[in-house]
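Reader: I would like a close look at some loop residues and the backbone around them. Please keep to what the model shows.

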Amino acid sequence: MKQISISEGEAGQRLDKLLARYMKDAPKSFFYKMLRKKNITLNGKKAEGKELLKPGDEVKLFLSDETWEKFGGISLEKKALRSSAEAVSLHQSVMNSQVPLIQDESGREMPTLEKGIQPPKVLYQDAHILLINKPAGMLSQKSTASDVSLVEYLDAYLLQSGAMTAEELQLVHPAVCNRLDRNTSGLVVAGISLAGLQTMNRLLASRTAEKYYRCIVCGTMQGSGCLRGYLKKDERTNTVTVFSEPTDGARTIETGYEVVSSNRNYSLLEVHLITGRSHQIRAHLASIGHPILGDPKYGDAVKNRTAQRSYGVRSQLLHAYRLKLPDIEGPLSCLSGKTFFAPVPEIFDIIMRQRE
C-alpha cells in the first residue's frame, strides 16, 4: 500500500491529475478502474477522480509493488532520493558559478552577480506565491540549457529556505507567471503551489490583475493619457513596429501613462499595461517620440551614449513597479484587493534629480 499526503503545493488539482503525476505511464482508464474498485481511495472513501484535493487529504493506493513500478517507474522513496540529489546538484551549481541566490527576508548576503547587477530580492512570500524584484540583466526563464535564470534561483531559494522539500519541487514545478525582458527590472510573480500558479496565471491572462511600470523617457512630457495603436512583430529580428491604423498581422495595443515628474531632459512615467504585447511599452512610447532611455532597440542612440557616459546606463530604464490584485476567491483570497510594489533602482532617482 502506498500513501500520499496532500501538501499545500499539491492542493487544488483533481485527484486523477495527481495520480497521473505519480504514475506517469498509466492510462487514465487504469486510474478510474482502480477508483471504482476502491483500490485507490481518498480519505478512506471511494472517489471518482474529479475531486479537488485539499491540504491534508490522504490518498491510499492498494497496489502491488510490481504495478506501482510498472506505471510509476520508480518508488516514492527512490523518487525522493533522486529529486533530493537533483536539487542539491542545482544548489551546488549555482554556488560554484558564483551567482547569488535570492536574498531572504532576513537580508542574508549571498554571492554576487557580475559587476553592476544586483541580486533579486523576495518582496512577499506565502504558501502559494512569491513576489520577486528581478534585476535588469537576469533572464526570467532560461533560453539555453546552460542559462541560470530566475526559475533556477527560485528553486534553489525554496530548497535552501525550507519552504519546499526536494520532492515537492519535483512534483509541483514552481514557475514564474509573468516574464520580463532580460534588461527590464521589477516585480515578477512566481507560483509555488498549483493553486498559486493557476490563480495568478488566470488573473494575469484576463488582465484583472493590473500591472504598472515606471520608466524614464527622453524629452519632457506632461499630464496623462492613453495610447492606442496596432503592433506587429517580426519574429526573425525579434522587433516590433507600431502602426496608427489597422495593419495585416498587427494586434491592437493600449497603453496608459501618467507623468510622475520631469526635468529638462527626461520624464519619469508610470505606465499602465492595459494590453500585454511583446515590447509594447518600449515601442509604443518610442512611436510618439519619447523612447525609453537606454533602450538599445527602440531608443535614441545618441542620448543612450550620453546616459551611459554620465550615469552608467546600459539597459532600458523600464521597471515593473506595481501589481494591483482584484477580489480573489479560493486559497488566495487573503490577497484580495492588495497592491504590491517593487522599489525602483536607485539610478531612476539619480537621473530625475538632475536639473540640467
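Where is H279 found?

Author: The model is a predicted one. In it, H279 lies in the loop between strand 12 (266-273) and helix 8 (280-287). The phi of H279 is near 60°, a positive value in a residue other than glycine. Most residues other than glycine have a negative phi. H279 has a relative accessible area of 10%, and because buried means under 20%, H279 counts as buried.

N43 also has a positive phi, about 55°, although N43 is not a glycine. This residue sits in the loop between strand 2 and strand 3. The relative accessibility of N43 is 40%, so N43 counts as partly exposed.

The loop between strand 2 (40-42) and strand 3 (58-61) also holds K46. With a relative accessible area of 54%, K46 is exposed; the cut-off for that class is over 50%. K46 belongs to a surface patch of positive charge, where it gathers with K33, R36, K37 and K38.

A positive phi is found at a glycine as well: G312, which follows helix 9, has a phi near 75°. Helix 9 itself covers residues 301-311. At the start of helix 9, a side-chain oxygen of D300 comes to within 3.0 Å of the backbone nitrogen of V302.

To return to the residue in the request, H279 is a non-glycine residue with positive phi, and H279 is buried in the model, whereas N43 is partly exposed.

Note on methods: Residues numbered from 1 in each chain as written. Predicted model: local features only at pLDDT ≥ 70, side-chain atom pairs only at ≥ 80, totals over all residues. Heavy atoms only, no water. Patch = residues over 30% accessible without salt bridge, like charges linked within 9 Å, V, L, I, M, F, W, Y side chains within 5 Å. Areas by Shrake-Rupley, 256 points an atom, 1.4 Å probe, with all protein chains shown as cover. Salt bridge = Lys/Arg side-chain N within 4 Å of Asp/Glu carboxyl O. Lys, Arg positive; Asp, Glu negative; His and termini not counted. Charge placed at Lys NZ, Arg CZ, Asp CG, Glu CD. Helix = DSSP H or I, 4+ residues; strand = E, 2+ residues; numbered from the N terminus. Buried < 20%, exposed > 50% of the residue type's maximum accessible area, 1.4 Å probe, protein only. Polar contact = N/O pair within 3.5 Å; in protein donor to acceptor, adjacent residues only side chain to side chain.
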